[in-house]
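Let's take a walk through a protein model together. Keep the 3D view open and follow along as we go.

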Amino acid sequence: MKKELLNHLNYNHLEINKLPSTHNPHQEKVYSKNLVQSDLQASIETTLLSHFKNGFRVESPIELARLRRFANEECGLTLDLTDDELKNVIKTLGTLFEGKVYIISAETVKKIKSIVEKTFSNGTGLIFYKQFYELNEKWLFDGSIVSCDMLRSALENQFPRYSHRKNYFTNSDASKPELEWTLNEISRVWGDAILLNYNQIAERLPYIPIEKIKFALSQSNVFIWNSVETYAHLNKITISKNERTQIFEYVSKACSDNGYVSISDVPLAEIIVNNDELSITAIHNAIYNSCLINEFDRNGKIIVYKGDTVDALQIIKEYCEGVDKCSLDDLIGFEKELTGEVHRWIPMEAGYSILVRVEKNNFVAEKYVNFDLAAIDNAIDFFIKGDYLPIRAFTTFSLFPDCGYSWNLFLLESYCRRFSKKFRFDALSVNSRNAGVVIRKCNGLTYEEILVDAVVKSDIILEKNAIEEFLCTNGYIGRRSYSQIEELIQKVRSVR
């Protein structure tokens, strides 16, 4: 009986030498280290539930003293146990969490078990602790489960047969990555819908956080972005076998002939008609993921054979080589057609590299411009007394020879970028604000060194806003902000 009693209590620190042979119901109950009966647990548990609903600080002498007093007053118990012995008994009764023992009632455990088993039996593959707690917070808190972390601890203790991970638990294969689990769950509840948004999916998966759903969708080739917060399921999109074959053959030929093809140029046949709920972006994504992904790479709207490295800048340069004139808007539109995005520096860089920018919005082929190199360089030399000069300082072009177009800062920049024998042009980045510097080619200063030199030679105070204002006003930078301003100030201080 001694051995069975120890096993029942899971309490090995007590030395139990004898059991009472008689019991007087009117006699005060005294429990000591020489005598622990089975109803001790129930009596202490009752006291803890009545007076320590928010947890019992197991290492607190004050809490232990209060427990002894309440047990004596309400249950007629004199707990003649050492503090360590009493603490060990208390720990067997509840869940230890952050220094407190919480008594979780059998009713609460039963309710958790019922919800969890019902959820898994309905086909759910995983349950996130955070979502389970938030959906059941009121009765869990009333049941002394006061946080998500405590819920996790309680579930691990009460349901060890489940596989517990950092954020969730499952009744299936725990080795499967969280992302794969989440995508499987989204597929499981998708149903017959063509399109679903974040909230609709989250309503079908109440035990998966919506941020996990959003991340999983963004990482998948099966779920296709259609519009803001809305996705389509690839398996619900109608593309016939014949259409797949035609698309593959068209892309293969275009890439063989030209090195690339824009997905915008791929013939869509009846796909748009048969999928009228989808945006053109979703259709493009669908045909790539279902027909081309195994053989081709995609960068924006550009499709190339796997391993090829054709980029938008190179493609726009090739386009510029075949035109006599075009606008900057044309180049920007072409870049958007290729990539689906707008990066203004790409079309401007391509235009400056191949064409001549004769106005802010217009480029022409160089054959239409007649540059007298010696005369133009002499005119520039008249303005630049030192090694460099911001291009905005050129306020008149009366000394410049006729070239077929009226001189302006954009034409001057184009000339210095590609044609001048004595001068070059540099800037922080290609721009339409005429921000940059004409520099003598014999001067090897980097643009950052020129900025430092300009500030050193000025009498501007070494303060961030004042320096950025100086550089912007004088045409060294296009905006009143410079990401390397602190480094620039330090370099100026070391020179001044």
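We begin with a nonpolar core and then turn to charged pairs.

Please remember that this is a predicted model. Its largest nonpolar core has 27 residues. Those that touch the most other members are Phe371, Ile380, Phe394, Phe400, Trp407, Leu412 and Val438. At least two core residues come from each of strand E16 (356-359), helix H18 (373-383), helix H19 (409-418) and strand E19 (423-426). Helix H19 gives the largest share, with five residues.

Now for the charges. Side chains of opposite charge can pair when their charged atoms come close. The structure contains 21 salt bridges. In one of them, Lys212 joins Glu178, with their closest N and O atoms 2.9 Å apart. Lys212 sits in helix H11 (residues 210-218) and Glu178 in helix H9 (residues 178-190), so this pair ties together parts 34 residues apart in sequence.

Arg418 belongs to H19, while Glu366 lies in the loop between strand E17 (362-364) and H18, 52 residues apart.

What about Asp381? Its side chain meets that of Arg440 in a salt bridge (2.7 Å, N to O). This pair links helix H18 to strand E20 (residues 437-440), 59 residues apart. Asp381 is partly exposed at 30% relative accessibility, whereas Arg440 is buried at 16%.

Finally, look for Arg57, Glu63 and Arg66, which are linked in a network of salt bridges.

Conventions. Residues are numbered from 1 along each chain as its sequence is written. This is a predicted model: local features need pLDDT of at least 70, side-chain atom pairs count only at pLDDT 80 or more; totals for chains, interfaces and linings use all residues. Side-chain values use heavy atoms; hydrogens and water are left out. A nonpolar core is a set of buried Ala, Val, Leu, Ile, Met, Phe, Trp, Tyr and Cys residues joined through side-chain atoms within 4.5 Å. Buried means under 20% relative accessible area, exposed over 50%, partly exposed in between (1.4 Å probe, protein chains only). Helices (H or I, at least four residues) and strands (E, at least two) are DSSP runs, numbered from the N terminus. A salt bridge is a side-chain nitrogen of Lys or Arg within 4 Å of a carboxyl oxygen of Asp or Glu.
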